[in-house]
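Let's take a friendly walk through a protein model. Have a look at the picture first, and then we will go through some of its parts together.

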Amino acid sequence: MSWMETFRTSWSAVHSHALRSLLTVLGILIGIAAVILTVGLGLGTQKDVSSQISSLGSNLLIVTPGSTTDTTGVRGGFGTSSTLTISDATDLASTVNSPDISGVAAEKSTSLSLVNGDTNWTTTVTGTTPSWLDVRSRTIAYGAFITDEENTASWSVIVLGSETADELFGTQNVVNRTVTISDRTFTVVGVLASAGSSSSDNLDDIAIVPFSTAATRLIGGTASNSVSTIYVQAASAGQLSGAYQETQTLLANLHSISDVADADFTIASQDALVGTATAIYQTLTVLLTGVAALSLLVGGIGVMNIMLVSVSERTREIGLRKALGAPPWAIRRQFLIEAAILGLSGGLLGAVLGIIAALTLPAALGSSIVVSVPAVVLSIGVAVAIGLVFGVYPATRAARLAPIDALRSE
């Protein structure tokens, strides 16, 4: 029997029991769709996390102060101390000290209430320098950003995030309008373009003022020159490691620290954040894919079961074919092809279902699902392999039937 005839006969056998065949491939179908969705959700989540971290800026190092210890011996978390100052940021910005660093922006932040007439809105008020816009990879939608002159002279000017402007004024085109913070009037000179949300902050709900203004008029105190964060931008991705070493060495020297293990500051890189998040989601993806793959095992058992039933039902047919001279390998090949057809059908239908779900579910889940072409192709291949593997025993059993015994079967 030729291959074409074998395929035709196998398809006829599967098609003649359409409902039974459909129920058989259901387990494989669900398993393939689940695997595609699981892998896609894992890849989509990694993409979202990377995008959120990248929204902080490109080639970025994030320097935060160390921890504090109160009079009772209770230690605060990282960032609770006032060990970093605006002078540290100025020294880091020197190309002589740090040739691999292209930009530095220090932040001094606190939560304050902004008032416009009868409307008020509490947001994060951040004092920073003009370099912040480039270092944080932000753009201006209306007006302009704060200038060196405004920072030097401690002008009462403010740049609003797009969401902050909407909450206070109901519109984003609010240049030259005023808001009140702690009984001081600030003139809006610009509105930031929308940047969405990072992993922990709403990047559009923010108010930017000159650093000197925040230090002397809004926050003040004994640590008026302290900063809560210093963002360090490497000149390129390849220079990020060099920028890290320069930042660590310079700050250690400025703070008279001989052992970096005792540093009163911490440095985090975007690569480290992305790497950690990716490792976590890769582990979760593997675990969830393993769970989804269990349904493929169930589907494979279903294929074996239906093939055994098929062998039992067609015993006389097998006996007649063998009596007419069909060799055992021809019988085995026909049943293996029938099992492969069931596996392929389940794989294709599962792939279609998985892709449709991947395209429609993100809107409901609020998370991206990336359709991985290699995962789809591999899943279909696995489905066919499952059909073949679980079809071996029934096919072998059919091939071993003795013609005389098969013909006597009722």
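How far apart do the end C-alpha atoms of residues 369–393 lie, and how much of the span is helix? These ends are 38 Å apart, and the span is 84% helix and 0% strand. Before going on, please note that this is a predicted model, where local features need pLDDT of at least 70, side-chain atom pairs count only at pLDDT 80 or more, and totals for chains, interfaces and linings use all residues. Residues are numbered from 1 along each chain as its sequence is written, and side-chain values use heavy atoms, with hydrogens and water left out.

**The whole chain**

The protein chain has 14 helices and 10 strands; helices (H or I, at least four residues) and strands (E, at least two) are DSSP runs, numbered from the N terminus. Of its 410 residues, 45% count as buried. Here, buried means under 20% relative accessible area, exposed over 50%, and partly exposed in between (1.4 Å probe, protein chains only).

**Transmembrane regions**

An unreviewed UniProt entry lists residues 21–43, 286–311, 339–363 and 369–393 under "transmembrane region". Such annotations may be inferred rather than shown by experiment. Two of these spans are set out below.

Which residues form a nonpolar patch on the surface? They are Leu 19, Leu 22, Leu 23, Leu 26, Ile 30 and Leu 349, with about 580 Å² of accessible area together. Patches are made of residues with over 30% relative accessible area and no salt bridge, and nonpolar side chains (Val, Leu, Ile, Met, Phe, Trp, Tyr) are joined within 5 Å. A salt bridge is a side-chain nitrogen of Lys or Arg within 4 Å of a carboxyl oxygen of Asp or Glu. Helix H2 (residues 18–54) gives the most to the patch, with 5 residues, while Leu 349 lies in helix H11 (residues 328–360). Leu 349 counts as partly exposed because its relative accessibility is 42%.

Next, find Ile 301 in helix H9 (residues 270–313). Its relative accessible area is 48%, so Ile 301 is partly exposed. Ile 301 and Gly 27 are 274 residues apart in sequence and 9.1 Å apart in space, C-alpha to C-alpha.

Finally, is Arg 136 buried or exposed? Arg 136 counts as buried because its relative accessibility is 6%. Arg 136 sits in the loop between helix H4 (132–135) and strand S4 (140–143).

Conventions: Patch = residues over 30% accessible without salt bridge, like charges linked within 9 Å, V, L, I, M, F, W, Y side chains within 5 Å. Areas by Shrake-Rupley, 256 points an atom, 1.4 Å probe, with all protein chains shown as cover.
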